[in-house]
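Open the model in your viewer and keep the selection tool at hand. This tour goes stop by stop.

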Amino acid sequence: MLLDAETFKTVVASTPLISMDLVVINSRGQVLLGQRKNRPAQGYWFVPGGRILKGERFPQAFARLTREELGLELSLTDAEFLGPFEHHYTDNFAGADFSTHYVVLGYRLRLDVDLASLPDQQHGRYRWFDLDEARSSNEVHLHTQWYLEC
């Protein structure tokens with residue numbers, strides 16, 4: 001269930017959000033990152049992912065997020081669970097007047113995807129990063145770098 005903007009502001013200001021992030025590694029050992037268009041983490045290179053919606057079970061959320069973020073509907077059984085992570089941001093989707101707190105379930109996928117076929121709602125552009133470059137670049141968000149240590 002999607003919430004209207006005002007209700008969602010209240011939720012973000014009051015409670016953690018639960019999400020899934022997708023660490024996609026291609027056959028060359030590179031990680032897929034997109035440059036974020038929206039807050040939080042705007043402008044940084046980040047893995048695809050998104051929120052779990054109220055009433056959505058993990059398998060449903062994973063299938064929806066892979067479809068929306070990668071253009072391919074995949075199953076949880078296609079992924080390796082990396083563990084839970086906590087992300088704290090000083091801003092939020094609507095501005096900087098309150099912080100955002102995510103509890104994130106990280107999943108790794110071994111997958112080759114065509115960059116030109118990826119959606120542009122959350123990320124303005126995509127690219128494959130060599131792991132060492134992604135781990136050390138200050139343009140890659142710290143929260144994404146954490147996944148690469150797993």
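This is a predicted model: local features need pLDDT of at least 70, side-chain atom pairs count only at pLDDT 80 or more; totals for chains, interfaces and linings use all residues.

**Stop 1: helix α2**

Select residues 58-70, helix α2.

Now colour the buried residues of α2: Ala-61, Phe-62, Ala-63, Arg-64, Leu-65, Thr-66, Glu-69 and Leu-70. What covers them? The cover includes strands β1 (17-25), β2 (30-36), β4 (49-51), β6 (100-110) and β7 (123-130). Step just past the helix to Gly-71, which takes a positive phi of about 80°.

**Stop 2: aromatic pairs**

Show the aromatic rings next. The structure holds 6 aromatic pairs. Zoom to Trp-45 and Phe-129: the ring centres are 5.3 Å apart and the planes meet at 65°, so this pair is edge-to-face. Trp-45 sits in strand β3 (residues 45-46) and Phe-129 in strand β7, so the pair ties together parts 84 residues apart in sequence. Trp-45 is buried, with a relative accessible area of 2%. Phe-129 also counts as buried, at 2% relative accessibility.

Move to Phe-85 and Tyr-147. Their ring centres are 4.7 Å apart with planes at 80°, so this pair is edge-to-face. Phe-85 belongs to strand β5 (residues 80-89) and Tyr-147 to helix α4, so the pair ties together parts 62 residues apart in sequence. Both Phe-85 and Tyr-147 are buried.

Then select Phe-62, Phe-81 and Tyr-107, which ring pairs link into a cluster. The charged end of Arg-127 sits over the ring of Phe-129, 3.7 Å from its centre.

**Stop 3: the nonpolar cores**

In soluble globular proteins, nonpolar side chains tend to be buried together. Here the largest nonpolar core has 22 residues. Select the ones with the most contacts inside it: Val-23, Val-31, Leu-33, Phe-129 and Ala-134. Elements α1 (5-14), β1, β2, β3, β5 and β6 each supply at least two residues of this core.

Centre on Val-31. Setting aside residues up to four places away in sequence, Val-31 touches Val-23, Val-24, Ile-25, Arg-127, Trp-128, Phe-129, Leu-131, Ala-134 and Leu-148. Apart from this core lies another, of 19 residues, among them Ala-61, Tyr-107, Leu-111 and Leu-118.

**Stop 4: Leu-148**

Select Leu-148, in the segment after α4 (142-147). Is Leu-148 buried or exposed? Its relative accessible area is 6%, under the 20% cut-off, so Leu-148 is buried. Beyond neighbours within four places in sequence, Leu-148 is in contact with Val-23, Val-31, Leu-131, Ala-134 and Arg-135. Draw a C-alpha to C-alpha line from Leu-148 to Val-23: the two are 125 residues apart in sequence and 8.2 Å apart in space.

**Stop 5: Arg-108**

Finish on Arg-108, in strand β6. This residue is buried, with a relative accessible area of 13%. What does Arg-108 touch? Not counting residues up to four places away in sequence, its contacts are Val-23, Ile-25, Asp-78, Ala-79, Glu-80, Leu-82 and Cys-150.

How values were computed
Residues are numbered from 1 along each chain as its sequence is written. Side-chain values use heavy atoms; hydrogens and water are left out. Helices (H or I, at least four residues) and strands (E, at least two) are DSSP runs, numbered from the N terminus. Buried means under 20% relative accessible area, exposed over 50%, partly exposed in between (1.4 Å probe, protein chains only). Contact means heavy atoms within 4.5 Å. The expected span of a helix is 1.5 Å times one less than its number of residues. Rings of Phe, Tyr and Trp (its six-membered ring) pair if their centres lie within 6.5 Å; planes under 30 degrees apart count as stacked, over 60 as edge-to-face and the rest as tilted. A charge sits over a ring if NZ of Lys or CZ of Arg is within 6 Å of the ring centre and within 35 degrees of the ring normal. A nonpolar core is a set of buried Ala, Val, Leu, Ile, Met, Phe, Trp, Tyr and Cys residues joined through side-chain atoms within 4.5 Å.
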